[in-house]
Amino acid sequence: MPIPAFIACCARRALPCLLALAPILPARADAPAPAPLANYHHSRWTADEGAPPTIRAMAQTTDGWLWLGTLDGLYRFDGVQFSRHALPPGLGLNRNLIRYLHAGPRGELYIGRSAEGIAVLHPDGRLKELPPGPAVGSIASAVGVDADGSLWMAGRGIHRLQAGRWRAVEDGPEWRALDVRNFSLDSEGRLWLSRQSSTWRLDRETGRFVRVLDQGGDLLPAPDGALWLMSDDGSLRRLAAPGANRPVPVSREAADTGQFAPDGTLWTLACAGMPCPLPGAAAHAESAWRIAPARLASSSGSVQLSGKAPYAMLVDREGNAWVATENGIDRFRRKRILPTELAGEGTAYSLASDASGRVWAAHHLTGEMWQLLPEGALPARPGRPVTVLARDPAGALLLGGRRSIRRERGGVVEEIPLPPGPGGKAMDLRMLGILDDGKILWTATVETGLLAWRDGRWHTPEGFNMPKKIYQSALAGPGRLWLATGDGELFHYDVEQRRSAAPVDIRALGMTAAIFPGPELVLSGDNGSGVVRDGRLAMLRAADPNALRNVSGLVASADGDRWLNGAAGLVHVHAADWRRSIADPAIPLRYEVFDRLDGYPGRAVFENRWRSAWSADGRHLWLAASGGVVRIDTANIERNRIAPTPVILSLSTDRKTVHAGRPGQASLRLPPGTARLRFDFTAPSLRMPERVRFEYMLEGVDSGWQNAGTRRSTSYTSVGPGDYVFRVRAVNEDGVPSKADAVMPLAIAPALWQTLSFRLVAALLAGALLAAAYRYRVRYLTRRAAERAHVQLAERERIARTLHDTFLQTVHSLMLRLDALAAGLPTGDRARRELEKVLDHAGSALSEGREQLRELRSGEGVRLEDLLARVVGRLQGTHSGIGIGLRVEGPRRPLAPDVVGEAAAIATEALHNACLHAGASQVRVRVDHGGAQLVVCVMDDGRGIEAEGARKGAAEGHWGLVGMRERAQRIGAVLDVAPGPDGGTVVRLTVPASRAYPAATAG
């Protein structure tokens, strides 16, 4: 183009003219430097892991699913499991020949099939086939969704879907080739289209596409809203600058050349068929530049993909780069803990920082030394071998060699020669460690053991009176040391005094791995970590005890957080959580672990007894691990801010498996007899699916959320009929929770025996059976009672006959003889008077006997109080000097005949004892007809009875007491004989109401 014409063009249309000039601009050589693939965690899936082969298309929908189009159907991946998504037969015989996938902005997935058009899979599970049109008999090479939601398709021409029909926009001969790469919107809402060798933009006024650049490739939306074009030769051009209106989301379909990640990293396949990351490429200042293939080739390393032919690349919303091959699929995820050049066995490396804020590393075997920078390890200047590094209290760097120790600070170097060998000859010593306490420089070698440098010469430890079996040590202040022994004791050793305070028992740690002095004295060992307070070790608690085992490095970052390098990897504890658990070790420590998934190679090195974690600036942390030295920027840890979307996959019962339907569907109806439920669920999270945690709840069964951990299924047994709602929620690896729960309503129909009508009928039948049983029981008891009454009446009649024919006749005969004898004596004779008194008493007894006979014959009982009143009246006549009284309390109630007889006999015996043996002046009888019990109590104010004698009864000669207790047992009563509170004796008979009152029992 002539220059004047070009200027005129620019005056009219600045952007097209500028892009027309772009081909003659020189490609820039200062492209962003690629990052080594060693900084990225690589995972690959082949058929062995369930991945489908021959993946031809990839897309990620807004719910997080990674969709894979193959010639054998449509698959989806949640980060853990691949599953085939069956397409309905109505889509045609070629429905499984998937050639193209595009994820729309509303969560829909556009599926392009060989010669069969395009189908749309909506987020609610509905699958809709678009109207037949230009893709039928051909292939849809690209699909785009415009700012107004309308759909564009590139096949043999460019078409737009309007009013349910495809309308051709560009269909000339130049558009018949299937060379359209993709559509894309820029931040201003303009629609772009790229082809193999040209780039076009939609003119909204004419409705036609206008060529703007004679260069083709893939359109790459950047996270800042800019739009780039990347060609197959690795050249990039910015088509649209970042806009102020709104950022454009990263593309959700695969590309041939590359894609931008959310952090601005450009991933490309233009690296000899290998993926290459270029961090910060989206922010590159140049609007046109070219990727340097040589630099990319050097960054690829020795990564082995799942196949030999990378087909396409996709960068998902979490920043993972996916590469599809003929055998499967690969994922690249940036590590949080990055490797360094110091790989191999980590036990050989010692680390230390100097006063100027630099961190150094040395190899114990080779003597090599490196300066550790945030970008990596820089080899130090060549010099004498350095096998061990340390730091003195003033910040000077201590460099231990084979024949000397050098102290370096501010350019000043002090050389301390090691002891010579036998005969004074110099020899190489294998150094084990260095420690400067501010007054003595301590070291140990394999050949000499422990040595102390003081006053310009080396001393052996014999004169220092140090503890035996020292295993670990640390500074405790100028001239003071903390010394842990192999016997589980911690000593505070004073170098000047050459003595130690009383040791602290630290056996709970196991073998000590490290001592960390500071604001708090922390120790770690085989069994965990603890803090020494008030002369005692308190073990710290953690949900996983392994998190605090064998911690050999502890660093406080600038924000006060603690970073522990131990058996589990790198453990991060926030400052507030650390202070809380240190103040009260019983409170479990809250923490997060960075392990192999984050790039940590193995575990912390502790066996060399060197400090394994260093930071000079409180931000960049260097760790000695079993797999080498690694680094982490604690202020710039990449976090996953994408909330997971939980999904319920299926419900399995005893009889069948039901796949989850659409969100918001009606309640799932399950047949009667369903009792066992198994729910399978997931949450597509592609960065670290191994750490996605779930909680679930079955409303109607669970009272709250149940923790499933990383499990993706749960089961219920013995679930009854009813309406239930199953809910699932998820949290990703960085604690970001899902925004909404996955919900599945369901209802279990009741079996016949579980229905309300059945239960009512069963209740009625049970009530009728109980009523019949009750009536049968009442008749049975009535019959038995009548039988017992008949037997009792017969026995009473037998006893009455016996009494009448024997005892009463005998008494009557004796009375007649005594009466005849008295009549023969003179009137007024003393003997006659006594005989007349005896005859009166005998007459009373005879009358009482006849009354008893009448009762036995009639079966009608007398009242207890009447019997006791007669006994009291008789005793008052024979013991006129004793006041005898009877009191009845409570409403009179009929008593069981046997209770009347036994209670009267017991009370009579108690009254006779009180009148004859107690020497009492007052005797009282109380009968209490209580509602819960019948109480008969006889009290006197006599000499009383000892408690032991009342308890032993017959053993003390009280045979009457034995008889009284036997009578009480026969009627189920309790007899208590004890001294009274004011002297005398109290005899108390307690009969339960159920035994005393027949009416209460019958009721």
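The structure is a predicted model, for which local features require pLDDT of at least 70 and side-chain atom pairs count only at pLDDT 80 or more, whereas totals for chains, interfaces and linings use all residues. Residues are numbered from 1 along each chain as its sequence is written, and side-chain values use heavy atoms, with hydrogens and water left out.

The chain contains 12 helices and 70 strands; helices (H or I, at least four residues) and strands (E, at least two) are DSSP runs, numbered from the N terminus. Of the 1003 residues in the chain, 48% are buried, where buried denotes under 20% relative accessible area, exposed over 50%, and partly exposed the range in between (1.4 Å probe, protein chains only). The accessible surface of the chain comes to about 47,800 Å², with 53% belonging to carbon and sulfur atoms; accessible areas come from the Shrake-Rupley method with a 1.4 Å probe, and for residues only the protein chains shown count as cover. Among contacts (heavy atoms within 4.5 Å) with a separation of 6 or more, residues 24 or more positions apart account for 55%.

An open sheet of five strands was identified with the order β59-β65-β64-β61-β62 and mixed pairing; two strands pair if DSSP finds at least two bridges between them. Its edge strands, each pairing on one side only, are β59 (668–670) and β62 (706–709). From one strand to the next the twist averages 25 degrees, with axes taken as lines fitted to C-alpha atoms (for helices over the stretch in contact) and angles running from 0 to 180 degrees between N-to-C directions. Strand β61 (residues 693–699) runs antiparallel to β62 and is joined to it by three bridges. Tyr696 stands opposite Gln706 in β62.

A search of the whole structure finds 52 salt bridges, each defined as a side-chain nitrogen of Lys or Arg within 4 Å of a carboxyl oxygen of Asp or Glu. One of these joins the side chains of Arg160 and Asp148, with an N to O distance of 3.0 Å. This pair links distant parts of the chain, 12 residues apart: Arg160 lies in strand β12 (residues 157–162) and Asp148 in the loop between β10 (142–145) and β11 (151–155). Arg160 is buried, at 14% relative accessible area, whereas Asp148 is exposed, at 54%.

In a further salt bridge, between Arg454 and Glu496, the closest N and O atoms are 3.1 Å apart. Because Arg454 lies in strand β39 (residues 449–454) and Glu496 in the loop between β43 (489–494) and β44, this pair ties together parts that are 42 residues apart in sequence. Glu496 is partly exposed, with 40% relative accessibility.

Arg892 and Glu865 also form a salt bridge, the closest N and O atoms being 3.4 Å apart. Here the linked parts are 27 residues apart, with Arg892 in the loop between β66 (883–889) and α8 (897–916) and Glu865 in helix α7 (residues 864–878). Arg892 is partly exposed at 45% relative accessibility, while Glu865 is buried at 6%. Salt bridges that share partners additionally join Arg336, Glu592, Asp595, Asp598, Arg639, Arg691 and Asp734 into one network.

The largest nonpolar core has 42 residues, and those with the most contacts inside it are Leu864, Leu911 and Leu989. A nonpolar core is a set of buried Ala, Val, Leu, Ile, Met, Phe, Trp, Tyr and Cys residues joined through side-chain atoms within 4.5 Å. The elements that give two or more residues to this core include α7, α8, β67 (922–929) and β70 (985–992); α8 gives the most, with 10 residues. Not counting residues up to four places away in sequence, Leu989 touches several residues, among them Ala903, Ile906, Leu934 and Ala968. Another core, of 26 residues, lies apart from it and includes Ile118, Val145, Met153 and Leu193.

Two loop residues were also examined. Thr265, in the loop between β21 (258–260) and β22 (266–271), is buried, at 5% relative accessibility. Beyond its neighbours within four places in sequence, Thr265 is in contact with residues including Tyr40, Phe260 and Pro277. Ala501 lies in the loop between β44 (499–500) and β45 (504–505) and is partly exposed, at 41% relative accessible area. With neighbours within four places in sequence left aside, Ala501 is in contact with Phe491 and His492.
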